[in-house]
Amino acid sequence: PGTLRLLQQTKRCAHWYPFVRPALKPPAQQTANETRGATHRRLRGEYQERELRFYATALDLALQQLYQQPNALPFANALLWLSATEPNSPCVPAFVQACFSRYWSATLQIDRCTELAQLLTDSGADGEHWLRSATADDCLTGEAKARSEAHLAAAQAAGLFNTPAYLYDGEVFYGRAHLPLLLRRLKASDG
């Protein structure tokens with residue numbers, strides 16, 4: 001959502017590179033003899049949960065199942081396919097927004113190819129064409145698997161290891177906190 005807003009404000013398009021990372025784990029319960037490291041991990045986990053809930057409230061999003069452990073590779077494949085077949089199309093941010101909202105409100109099974117194909121169609125893309133090219137249960141066979149592996153290699157070669165990350169003019173910006181800086185850089189490049 002912050003990324004989509006940035007793109008709208010600057011009238012830019014993005015090349016989306018989904019980077020699948022491990023799901024969040026619930027913070028551990030505080031214990032009497034907690035080590036400094038355990039305290040740090042627990043507090044960081046509590047902070048992440050508060051931050052996600054804060055942003056969800058600001059976006060009027062009913063955040064559910066914060067600690068789900070889905071296979072996000074089918075979504076990554078669908079987004080890579082859409083970005084390759086419909087570059088700079090409004091259906092790309094529409095698909096991202098629909099997946100984001102439905103996933104976090106627990107109304108989308110992000111690992112179900114048929115649900116993703118329907119969202120592609122609802123976003124203005126040819127979801128049936130994508131579904132035909134993604135024949136396995138995990139949507140990652142043949143061309144789809146090669147595309148996903150190439151994407152991951154390119155992301156790692158660019159120095160990406162965390163999300164959200166923004167690569168602009170050869171520089172990597174990590175996290176939503178850099179969106180205002182990135183916005184200024186984009187506006188400055190417009191003259």
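Start with two helices, α1 and α8: they are roughly parallel to each other, because their axes cross at roughly 20°. Here "roughly parallel" means an angle under 35 degrees; over 145 is roughly antiparallel, 65 to 115 roughly perpendicular, and the rest oblique. The model on your screen is predicted, so local features need pLDDT of at least 70 and side-chain atom pairs count only at pLDDT 80 or more, while totals for chains, interfaces and linings use all residues. Residues are numbered from 1 along each chain as its sequence is written, and side-chain values use heavy atoms, with hydrogens and water left out.

**Stop 1: α1 against α8**

Select residues 2-10 for α1 and 179-189 for α8. Helices (H or I, at least four residues) and strands (E, at least two) are DSSP runs, numbered from the N terminus. The two axes come within 11 Å. Each axis is a line fitted to C-alpha atoms, for helices over the stretch in contact, and angles run from 0 to 180 degrees between N-to-C directions.

The crossing of α1 and α8 is right-handed.

Now show side chains. On α1, pick G2, T3, L6, Q9 and T10; they meet L179, L182, L183 and L186 of α8. Contact means heavy atoms within 4.5 Å. This α1 and α8 contact counts 5 nonpolar, 4 polar and no charged residues. Ala, Val, Leu, Ile, Met, Phe, Trp, Tyr, Cys and Pro are nonpolar; Asp, Glu, Lys and Arg are charged; the others, Gly among them, are polar.

**Stop 2: one side of α1**

Which residues of α1 are buried? Color T3, L4, L6, L7 and T10. These residues span an arc of only 160° around the axis, so they sit on the same side of α1. The arc is taken from the directions between the helix axis and the C-beta atoms. Buried means under 20% relative accessible area, exposed over 50%, and partly exposed in between (1.4 Å probe, protein chains only).

Show what this side packs against: α4 (91-104), β1 (165-168) and α8. Then step past the end of α1 to K11, where phi is positive, near 50°.

**Stop 3: both sides of α8**

Select L179, L182, L183 and L186, which are buried in α8. Look down the helix axis: these residues fall within an arc of 105°, so they line one face. An α-helix has 3.6 residues a turn, so residues three or four places apart point the same way. The buried residues of α8 pack against α1, β1 and β2 (171-174). Turn the view around. R184 and A188 are exposed on the other side of α8.

**Stop 4: α3 and α4**

Select α3, residues 73-85, together with α4. Their axes lie 10 Å apart, at an angle of about 165°. The pair is therefore roughly antiparallel. The contact joins F75, A78, L79, L82 and S83 of α3 to C91, V92, F95, V96 and C99 of α4. By class, this α3 and α4 contact has 9 nonpolar, 1 polar and no charged residues.

Between these two helices is a loop that holds N88. Check its backbone: N88 has a positive phi near 65°, and N88 is not a glycine.

**Stop 5: α4 and α5**

The crossing of α4 and α5 is right-handed. From α4, display F95, A98, C99 and R102; from α5, display E115, L116, L119 and L120. The α4 and α5 contact has 6 nonpolar, no polar and 2 charged residues.

A106 is in the loop between α4 and α5. A106 has a positive phi of about 65°, although A106 is not a glycine. With a relative accessibility of 30%, A106 is partly exposed.

**Stop 6: two loop residues**

Find L160, in the loop between α7 (142-157) and β1. Is L160 buried or exposed? L160 is buried, at 14% relative accessible area. Leaving out residues up to four places away in sequence, L160 touches F19, A155, A165, V172 and Y174. Y174 is 14 residues from L160 along the chain, and their C-alpha atoms are 8.8 Å apart.

Finish at K25, in the loop between α1 and α2 (36-58). K25 is exposed, at 65% relative accessible area. Draw a distance from its C-alpha atom to that of E49: the value is 9.8 Å, for residues 24 apart along the chain.

How values were computed
A crossing is left-handed if the near helix is turned anticlockwise from the far one by less than a right angle, and right-handed if clockwise.
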